[in-house]
Amino acid sequence: MTQNNRLFGILVPVISVLLGLLAGAIIMLVSGYSPIEGYAALWNGAFGDAFTIGETIRRITPLILTGLAVAFAFRSGLFNIGAEGQVIVGWLAAVWVGLAVDAPMILHLPLVLIVAMLAGALWGFVPGLLKAKLGVHEVIVTIMMNYIALFITNEIIRNVLTEQETTTEAIPATASLASEWLQTLTFFSRMHYGILVALFAAIIMWFIVQRTTIGYELKAVGFNQHASRYAGMNVSKNIILSMVISGAFAGLAGAMEGVGTYGTISVMSGFTNLGFDGIAVALLGSNNALGVVLAAILFGVLKEGAGQMPTSAGVPTELVDIIIALIIFFVASSYIIRWFLLRFKKEGK
Amino acid sequence: MDYVIEMLNIRKEFPGIVANDNITVQVKQGEIHALLGENGAGKSTLMNVLFGLYQPEQGEIRVKGQKVNITNPNIANDFGIGMVHQHFMLVEPFTVTQNIILGSEPTTKSGKINIKKAEREIQELSDRYGLKVDPTAKISDISVGMQQRVEILKTLYRGAEVLIFDEPTAVLTPQEINELIEIMRSLIKEGKSIILITHKLKEIMEVCDRCTVIRKGKGIGTVNIKDTTTNELASLMVGREVSFHTEKKKAVPGQTILEIENLFVKDARKVDLVKGLNLEVKAGEIVGIAGVDGNGQSELIEAITGLRKANSGSIKLNNKSITNLNPRKVTESGLGHIPQDRHKYGLVLDYPVAENMVLQTYYKKPYSKATVLNFKEVYDKAESLIKEYDVRTPSASTLARALSGGNQQKAIIGREVDRSPDLLIAAQPTRGLDVGAIEFIHKKLIEERDKGKAILLVSFELDEIMDVSDRIAVMFDGKIVANVTPENTNEQQLGLLMAGSQLSEAGVHNDSE
Ligand SMILES: Nc1ncnc2c1ncn2[C@@H]1O[C@H](COP(=O)(O)OP(=O)(O)OP(=O)(O)O)[C@@H](O)[C@H]1O
Ligand SMILES: [Mg+2]
């Protein structure tokens, strides 16, 4: 039974992705572009040479972390739309500590990462607290927290970190995840050590959720609050804890951008979308750690590769967005695919 | 022969288990046909096959002699088959009428839902079968018994000729059971046929015409009720003799374990439901609380277990106050609780059976160390409980959701009794259990008593209260109004006390004086 389920868990997303690609191909055909050229461009854009591979990996890194963030909250029945805001405050905190503190790398870099996680955790704590104590729905609060994060961050960049500039100075090497070795290896892409941090975080998430009493309680609260209370668990505490840990993952994603990819933070005209993409990544990865990593890879590849499609195959960016959206659509409606598979299995008997 | 429904050689498998193995049931037009079998025998599964929720691997179904293929509940409806599930499927904020017409709404010419017409029709149906349902009431405002009658109306409104009842009486009070029996009789009078699943042999003897017995997924045969006895039915079903009376020694009560003084508890609507209650349970005795549902029993239990705040008064366990402590602290002070609503409180249905077995102990050694769970210990414990309490499940890693109702209950009882708490609160512990399992559970409760534990039993089954308790506390209107012993009273007198009569009126000797 469990084996069967596992096969299903793999088969369904794979088929969803294939259907999405197929639908994308049809749309390209209908609009007069060659799907073969289009997808070849996509492939080259993601894996064409060492440079693009490096860039793809650095794009995947924060997606893994935001995916983990959203998935973690989902496990205890909470919908954290606030990963976006948590990313932003994490990014800000990382750069700020990077600039403000003078210390050897061995202290500086961990400090930067920890403070970024704390910032994200704080941004998760507020909606968690309001949900647990006053029953305010976390979706509403997290959406508002996203805007608060965006505007406060812009304000701080302009007036605290710089004097009316739009971008901060670059952080010193002691606070940076960038690696000359990885850069030379990939023809000077912006790939950095963050991917290791993200993979390590995935292992941590798996361990907490599957192996510890913390995960046991969080999942129980997600499944059945009444039974959890009966069993002596503190439901409020678990709701808050879930949002805090979720926020910490997202904050770390912000640090990946802040001290990995860019080394600075700039005034933002809109959201980074890393947090919102995390929702899709979590769904696609069925909220478990390994699934999230695989889904983030898929997402990163599509996004990075898509950049090539307009230039080398002439497919307009709008169409590229539609194709990506279609893949997500098919994944979200995987229910239908599941149904067909079950049908098929029965007939086969 | 005139069979309305024939299920011939039905086979249905679930991963790791054959739930129905070549079962044949034939229901005659106009009869009440009982389906009897132990917990997990496959009764619900068989009926879900008939109702189109599951597809059988083998076998055929005939309606009025015609072979049919029922692939979903809508098709079952078309063939005039309706089902009243054990767990109701109603939309709480909707009215009775809205619930009943859901999915087949009558419309006016302009396409609007014709609610007035529907209400009239439902009122008519309700009057015809004596259901006494108010079509305009909201589901969340009506009693469990009334909700069940709404489910019955739902099937009738859709034109059901054959009604399936899956353990309808498990959730009802004795009064409501009598009403349901009347309703079933009037349905038959109007030409309907009924398939009734129940574990209560008394009910089968009272209303059924024939009974098909299932044991471990296999059909044992069909008997005429006229030609059989309760004992024969019971032994057909379990495959051995069952004793209906629990053997026990006289209780030797020790020191006081639970002491409640002047307790007041409000319900969710802020109305006092427990009003100055006093109660004492001693080590080595079983105290049964008898009472009509809604006289504050649930609130009392919730206050003791820490699930609900007590407004005033005191609750002491082992001479230490546990008033308004949180459930974890209460549990750790030595309390075990078999909750009345097993799906809401007793289990995390989406957890495997094994993880449910450590629901209150997961954070302790040996199940976890420094927050890391030790699954080997958890599964070892679960396996041993599954064995000891005869929980029928394909494996310890099966989700609790997939177990039959009675086996879910056995899992909870195993978990709670095994901790051997100083005070065990058992609320409707045998609800939905088969006679063999009931016998076993009663034995276990008495064993705990003999070990010197205190047991508080809350049950709407007077049989159970009379049989198992050493002392009976009658609860009425939020207070204990009488303390009697089973030897000095009978069901009639208890019934009067539960309805609020004074002891002298009921003619009972009060043992607390
Ligand atoms: N959806 C399911 N998946 C897996 N196994 C199932 C499922 N439903 C039922 N079973 C198994 O099939 C067997 C029969 O279950 P069923 O619910 O039909 O029993 P029952 O006779 O109604 O018992 P009870 O009197 O306890 O309600 C049980 O062993 C149960 O564990
Ligand atoms: Mg059943």
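**Notebook: a predicted two-chain model with a ligand**

I began at one residue pair and noted that B:Phe264 stands opposite B:Ser312, the latter in strand 14 of chain B; strands here are DSSP runs of E with at least two residues, helices are runs of H or I with at least four, and both are numbered from the N terminus. I kept in mind that this is a predicted model, in which local features need pLDDT of at least 70, side-chain atom pairs count only at pLDDT 80 or more, and totals for chains, interfaces and linings use all residues. Residues are numbered from 1 along each chain as its sequence is written, while chains are lettered from A and ligands numbered from 1 in the order in which they are written.

**Sheet in chain B**

I followed strand 11 (residues 256-266) of chain B to strand 14 (residues 312-317), and found five bridges joining the two in an antiparallel run; strands count as paired if DSSP finds at least two bridges between them. In this pairing B:Glu259 stands opposite B:Lys316. Strand 11 of chain B is also joined to strand 12 of chain B, by eight antiparallel bridges, and there B:Val265 stands opposite B:Val274.

I then wrote down the order of the open four-stranded sheet in chain B, which is 12-11-14-15 with antiparallel pairing. Strand 12 (272-282) and strand 15 (320-321) of chain B stand at the edges with a single partner strand each, so one side of each has no neighbour in the sheet.

**Ligand 1**

I looked up the shell around ligand 1, where a residue counts as near if its C-beta atom, placed from the backbone, lies within 6 Å. Of the 19 residues there, B:Asn39, B:Ser44, B:Thr45, B:Ser404 and B:Gly406 come nearest. Strand 2 (17-28), helix 1 (43-50) and helix 14 (405-418) of chain B are the elements that give two or more residues to this shell. By class, I recorded six nonpolar, eleven polar and two charged residues around ligand 1, with Ala, Val, Leu, Ile, Met, Phe, Trp, Tyr, Cys and Pro counted as nonpolar, Asp, Glu, Lys and Arg as charged, and the others, Gly among them, as polar.

**Chain A and its side towards chain B**

I noted 16 helices and zero strands in chain A. A compact globule of 349 residues would have a radius of gyration near 20 Å, and the 21 Å of chain A agrees with this; the radius is taken over C-alpha atoms, and the rule is 2.2 Å times the number of residues to the power 0.38.

I found 15 residues of chain A in contact with 23 residues of chain B, contact being C-beta atoms, placed from the backbone, within 7 Å. Helix 9 of chain A gives the most to the side of chain A that touches chain B, with five residues. That side of chain A divides into eight nonpolar, five polar and two charged residues.

I located B:Asn178 in helix 6 (residues 174-189) of chain B. The C-alpha atoms of B:Asn178 and B:Glu203, which are 25 residues apart along the chain, are separated by 9.6 Å.

Note on methods:
Two residues are in contact if their C-beta atoms, placed from the backbone, lie within 7 Å.
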